[in-house]
Amino acid sequence: MAQLIGGLGTSHVPSIGAAIDKGLRDTPDWKPFFDGYIPGQDWVKAHKPDVAVVIFNDHGNSFFLDKVPTFAVGCAEEYHPVDEGWGPRAIPPFKGAVDFSWHFIDTLIENRFDPMICQEIEVDHGIQVPMELFWDRPAEWPVRVVPIFVNVIQYPIPLPSRCYEMGRVLRQAIESYPTDERFVVLGTGGLSHQLQGARAGFVNPQADQAFLNDIATDPDKLAGMSREQYVEMFGSEGAELMMWLVMRGAMDRDVVVRHKHYFVPASMTGAGMIVMENKATASPAVAA
Amino acid sequence: MEEKPGQDRIPDTPLFDRKRSLGGYRINKMAMGLSRPENREAFKQDESTYLDRFGLTPEEKEAVMTRNWREMVRLGGNLFFILKISAVDPVRITEIGAHQAGMEHDDFLRNRLGKKV
């Protein structure tokens, strides 16, 4: 059967992609941010996952307000970058893990999750930036993807606990998938930021750091928080951090944290990264 | 759509709920249109005519044409959509933030984001 080899978490701020596009990686503003991802990239290179399940939200690019799926799962052959207003970014399209996507959708339905099914959809910075942060900018992506879109924009957005529960179903789908492929799950978004209203520019480094600890050691606490608590603690847009719970729900209760990174502000956002493995199946520590 | 004081459960934090989504539908649909190159061109050529295509009210039109971000958000504009205006008429997202916070840009960077400027 397929196996889950790691859970990754990262911010997906669009300015990160723009900084890469403009060649700003090594400028004083950005270098400390990008350097913090090097251990994450090394982990990916060493562990060579075949499939990346990426949980993110569309930012008014592939979906408008006319149709808002609470959860949507891609099962396309290919996912091209969408035009967010500046033209589609010049990055290679992502290859889909079509057969697994359908298997996942089956498993979701059997477990009373009812997602929108997307056979043709373009994708925005919500998945692009995390892939670039962990896989850099290859000519072709060495991993196939399964995008999970979560509505965190139009209220009512789903409960954090529901995201966590979906993660458990994702784990079940991976472990009942009859191949020997290696899976990673990426929870993306956050950390604290607020783009709208008079509290715009709100960041909460202390809460962000606590989140990066709790996601490993006390995910039940994070899953038990209300949406309002997320908004209050992480800002109106930072509430999207609850999407990391899908990733965390796919993992065991006991995990080993391999790498962690925090940087503020990336544009207007507290940016964070984490790499975790299940303790029971953790690989021998890779020498730093 | 009137925003009453104290309406937001979390102070100064407009959640994009049913009321805001309904109120802001025209502005957001107009802004969503800017994800197509031909619409970006139309906006650049004749902004007023482009806005009329989406049936914006005079109040909404005024907010867009004066780049009054605070007012666009008050009228139900959601930043993920209205940000596309900055693809046609460039402005930094931190400037949009500072405008809504009612702060000078440098003050905003220093006091909200903790940058050394």
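**Ground rules.** Residues count from 1 along each chain as its sequence is written, while chains are lettered from A and ligands numbered from 1 in the order in which they are written. Since I'm on a predicted model, local features need pLDDT of at least 70 and side-chain atom pairs count only at pLDDT 80 or more, but totals for chains, interfaces and linings use all residues.

**Chain A, overall.** I looked up the secondary structure of chain A and got 10 helices and 10 strands (DSSP runs numbered from the N terminus: H or I of at least four residues for helices, E of at least two for strands). The radius of gyration, taken over C-alpha atoms, is 17 Å for chain A, close to the 19 Å from the globule rule for 288 residues, so chain A is as compact as a globular protein of that length. That rule is 2.2 Å times the number of residues to the power 0.38. I also noted a C-alpha trace spanning about 50 × 50 × 40 Å along the principal axes of chain A.

I get 55% of the 288 residues of chain A as buried (20 or more other C-beta atoms within 10 Å of the residue's own, with C-beta atoms placed from the backbone). I then checked Val53(A): beyond four places in sequence, its contacts include Val146(A), Ile148(A) and Leu170(A) (contact means backbone-placed C-beta atoms within 7 Å).

**Strand 3 of chain A.** Which strands does it pair with? Strand 3 (residues 71–74) runs antiparallel to strand 7 (residues 144–150), with 3 bridges, and parallel to strand 6 (residues 116–118), also through 3 bridges. DSSP has to find at least two bridges for a pair. I found Ala72(A) bridged to Phe149(A) in strand 7, and Val73(A) opposite Ile117(A) in strand 6.

**Interface.** I count 33 residues of chain B in contact with 30 residues of chain A. On the chain B side, helix 2 (25–32), helix 7 (79–82) and helix 9 (93–101) each supply at least two residues. Helix 9 of chain B has the largest share, 5 residues.

**Chain B annotation.** UniProt (unreviewed entry) puts "domain: Extradiol ring-cleavage dioxygenase LigAB LigA subunit" at residues 27–111 of chain B; such annotations may be inferred rather than shown by experiment. Over residues 27–111 I get 71% helix and 0% strand, with the end C-alpha atoms 31 Å apart.

How values were computed
Two residues are in contact if their C-beta atoms, placed from the backbone, lie within 7 Å. A residue is buried if 20 or more other C-beta atoms lie within 10 Å of its own, exposed if 12 or fewer, and partly exposed in between; C-beta atoms are placed from the backbone.
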